[in-house]
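Please look over the model shown here before reading on.

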Amino acid sequence: MKTYTIQTDSQTRLDELLRNKLPVLTGLEISNSKIRRLIMAGCIRVNGKEIRNPSYTVFQGSKVDAFIDKEKLLFEKQADDIQFDVTQDSVLYEDEYLIFINKPSKFPTEKTIVTDRDNLHDAVVRYLWSKNSALRNPPYVGIMHRLDRETSGVILFTKKREVNKAIFDMFDSAKLDLSCDSDIQHRPVNKTYVACVKDSHLIKNQFTVKNYLGRITAKSAGCKWGPVPQSRGGLVAVTEFKVLKREGGVCYLECHPVTGRTHQIRIHLAGLGMPIIGDVLYGGVKNERLCLHAKSLELKHPVSGERLFVFCDCDF
C-alpha cells in the first residue's frame, strides 16, 4: 500500500478533488465508482481525519492523504447476492410514514462501494415508485437501521423525513441507561433475533453478554469487529440470550440486542465458543446461509404513539 498526498489550493468536494488529482499521482485510470470506493472504504484522510463522505468539502490549504493498494483497487469482486424485488408479500407493515420489509439473506441493505450492486434500499424505492408511477422523482426512503447482508428478517425504512429524528432517537444506543436492568418491554426499541449454534451442555438457558466492541481489521480490509477496550475506542455492547429449543444437535437461541453494534450478536456468541452456524467470518461451520434472523421489531409509532409489533418467521 502506498500513500499519496494532495495539498489543496482551492475549496472543492472531496470526490472531485480525488477525481482530478489521483489519476495523475498514481498513473492509473480511476473511475468515479473507484473514487467513491476509496472514500467509503476509509482510505482517505483530510488533515489526519478519516472521511467517508464523497461530498465532504475540502478547504483551501488542507492536506489529503489517500492510502491505495493498486492491486486491490483494480480488483473487481463479484458478490454472490441473490436477485430480489420487494413485493406486497415481502411487506410486513406499511402506512404513510413507515414500511417494514422481510429482508432475505444474501442481499445488502444499502449501497456499497460497488455502485451498480443492487440492494434493499433501492428495491424499496422501486416498489414505492411502482405504486405511484405518476411521481416524476423517486420516492423518499430513509434508512434508520441495518441488517448484515447475510442476515434475514424484519427491517424498517421511513417514508417521510419528518419522522426520522424520532425513529433515530429510538435506535440510538447512546441514549439507553445501561446501568440498570430495565424491563425489555419498556425499551424504546425491542429487537428479537433467532440464531442457531451447535448445541452444548455449556449453554445456559438464559445469559447476558456485555463488553466493548470495535473494528479489529484495517480500514482497507474486509470488515471484522471484535472486543476492543473502551480506552481504545470500544463501544459498549449488550445482548441478552435465551434458549428456545434444542434439536438435532442444534441449539436455537432467542437474542435481544440491547445496543446495536456491528456484528454484535455474531461476535458475542463466537466469543463464548459458540459461533452461529454459517458464520465462517467468526469461526462458524459452513452452511448454505448464516443462521441469524431478525424475528421481530417493536417500537412506538413516531406519529400516532401506537406500539407497533412487526414479526416474521425464519426459514431455518
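What follows is a short report on a predicted model, arranged by topic.

## The open sheet

Four strands make up an open sheet, in which the order is β1-β6-β3-β4 and the pairing is antiparallel. Because β1 (2-7) and β4 (49-50) stand at the edges and each has a single partner strand, one side of each is left without a neighbour in the sheet.

The partner of β1 is β6 (residues 63-68), and the two strands, which run antiparallel, are joined by six bridges; within this pairing, Gln-7 stands opposite Lys-63 in β6. Helix α1 (residues 14-26) packs on the sheet, where it touches β1, β3 (44-46) and β6, and the direction of α1 makes about 120° with that of β1.

## A hairpin

Strands β7 and β8 form a hairpin, with three residues between them. The pairing of β7 (residues 91-94) with β8 (residues 98-103) is antiparallel and extends over three bridges, and Tyr-93 has Phe-100 as its bridge partner in β8.

## Cavities

Two cavities of 30 Å³ or more are counted in the model, and the second largest cavity holds about 40 Å³ of space. Its lining consists of His-145, Leu-147, Val-154, Lys-191, Thr-192, Tyr-193, Ala-294, Ser-296 and Leu-297.

Strands β11 (189-198) and β16 (292-300) each supply at least two residues of the lining of this second largest cavity. By residue class, the lining of the second largest cavity divides into five nonpolar, three polar and one charged.

Notes: Residues numbered from 1 in each chain as written. Predicted model: local features only at pLDDT ≥ 70, side-chain atom pairs only at ≥ 80, totals over all residues. Heavy atoms only, no water. Pairing = 2+ DSSP bridges. Contact = heavy atoms within 4.5 Å. Axes fitted to C-alpha atoms, helices over the stretch in contact; angles between N-to-C directions. 1 Å grid on protein atoms, 1.4 Å probe; cavity = no way out; pocket = protein on both sides within 12 Å on 5 of 7 lines; lining within 4 Å. Points joined across faces, edges and corners; volume = space filled by probe spheres on them. Nonpolar A, V, L, I, M, F, W, Y, C, P; charged D, E, K, R; others polar.
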